[in-house]
Amino acid sequence: GKSPSKRKLKSPKGITKSRSYDPEEQSKRARRANRFEKTGISLADRVSSDRWAGSSGGFAMAAAETEGDVELDFTVVGTCQVLEKKYLRLTSAPDPRTVRPEPVLRKSIELIRAKMEDFTDDPDQAQAQYIYLWEQLKSVRQDLTVQRIRNDFTVEVYEMHARICLEYDDQHELKQCQAQLTQLYEEGLGTRAGQREFMAY
């Protein structure tokens with residue numbers, strides 16, 4: 001597919017700041033991307049791995065990690081009202097009190113977008129900024145998944161995360177987003193424009 005580093009990122013409303021895409025900007029992004037090792041493993045996965053040390057590796061309630069997102073054989077109805085929540089791998093059945101319902105998740109996405117408006121291109125801040133985005137979006141994705149919420153908002157979340165992966169050149173996480181988007185598009189969700197954009201890679 002096309003190289004993300006050479007492709008001008010589209011900026012749907014509220015997702016990213018409008019920035020001129022000139023050689024100087026390309027150079028900045030290249031330096032930022034070079035801060036992430038090209039090992040095929042998401043930087044955030046590696047940085048956060050210590051958080052999951054000693055994990056039981058899953059639980060016996062038919063939960064399975066597939067393409068980075070957990071799948072359950074039951075549906076959770078969340079009641080959590082917290083907008084920002086760090087991502088943690090599930091090692092037991094999810095507690096509804098820690099899962100956010102869709103209206104709260106929508107507010108969470110709006111908060112993430114607002115914070116992105118204040119992000120800078122300073123290479124020294126790139127890792128911290130990306131880790132924040134990764135944790136928050138993985139957490140939103142997990143809450144959507146355990147509640148079996150599959151609608152246009154779900155597509156919006158995965159497309160947003162995919163664009164961020166392109167921005168920060170995280171190919172590992174991008175592939176996970178693409179795998180889910182493919183399924184969502186096949187279910188008739190999303191837009192044709194989205195399909196053209198994300199299935200081109």
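This is a predicted model: local features need pLDDT of at least 70, side-chain atom pairs count only at pLDDT 80 or more; totals for chains, interfaces and linings use all residues.
H5 itself covers residues 152-168. Its 17 residues reach 24 Å from the first C-alpha to the last, close to the 24 Å expected at 1.5 Å a residue. Of those 17 residues, 15 are buried, so H5 is largely enclosed by the rest of the structure. Thr154 is an example: it lies in H5, and its relative accessible area is 3%, which makes it buried. Beyond its neighbours within four places in sequence, Thr154 is in contact with Leu144, Ile149 and Leu184. After the helix comes Asp169, with a positive phi near 55°.

Next, helix H4, residues 123-146. Here a side-chain oxygen of Asp122 reaches to within 2.9 Å of the backbone nitrogen of Asp124, at the start of the helix. H4 has 24 residues and spans 35 Å between its end C-alphas, close to the 34 Å expected at 1.5 Å a residue. It is mostly covered, with 18 of its 24 residues buried. Just after H4, Arg148 has a positive phi of about 55°.

Now the core. Which residues have the most contacts inside the largest nonpolar core? They are Ile109, Ile112, Leu133, Ile164 and Leu181, in a core of 32 residues. The elements giving two or more residues to this core are H3, H4, H5 and H6. H5 gives the most, with 10 residues. As for Leu133, leaving out residues up to four places away in sequence, it touches Ile112, Met116, Phe119, Ile164 and Tyr168.

Pro96 is in the loop between strand S2 and H3, and is partly exposed at 35% relative accessibility. Its C-alpha is 9.6 Å from that of Asp143, although the two are 47 residues apart in sequence. Asp143 in turn belongs to a network of salt bridges with Lys85 and Arg100.

That leaves the charged pairs. The whole structure has 11 salt bridges. Within helix H3, Glu102 and Arg106 are four residues apart, about one turn, and their side chains meet in a salt bridge at 2.9 Å, N to O. Arg106 is partly exposed, at 38%.

Lys138 and Glu173 form another, with the closest N and O atoms 3.3 Å apart. Lys138 lies in H4 and Glu173 in H6, so this pair ties together parts that are 35 residues apart in sequence. Are these two buried or exposed? Lys138 is buried at 3% relative accessible area, and Glu173 is buried at 0%.

Finally, Glu187 pairs with Arg150, the closest N and O atoms being 2.9 Å apart. Glu187 is in the loop between H6 and H7, and Arg150 in the loop between H4 and H5, so the bridge ties together parts 37 residues apart in sequence. Glu187 is partly exposed at 46%, and Arg150 is partly exposed at 35%.

Key: Residues are numbered from 1 along each chain as its sequence is written. Side-chain values use heavy atoms; hydrogens and water are left out. Buried means under 20% relative accessible area, exposed over 50%, partly exposed in between (1.4 Å probe, protein chains only). Contact means heavy atoms within 4.5 Å. The expected span of a helix is 1.5 Å times one less than its number of residues. A nonpolar core is a set of buried Ala, Val, Leu, Ile, Met, Phe, Trp, Tyr and Cys residues joined through side-chain atoms within 4.5 Å. A polar contact is a pair of N or O atoms within 3.5 Å; within protein, one must be able to donate a hydrogen and the other to accept it, and residues adjacent in sequence count only if both atoms are side-chain atoms. A salt bridge is a side-chain nitrogen of Lys or Arg within 4 Å of a carboxyl oxygen of Asp or Glu.
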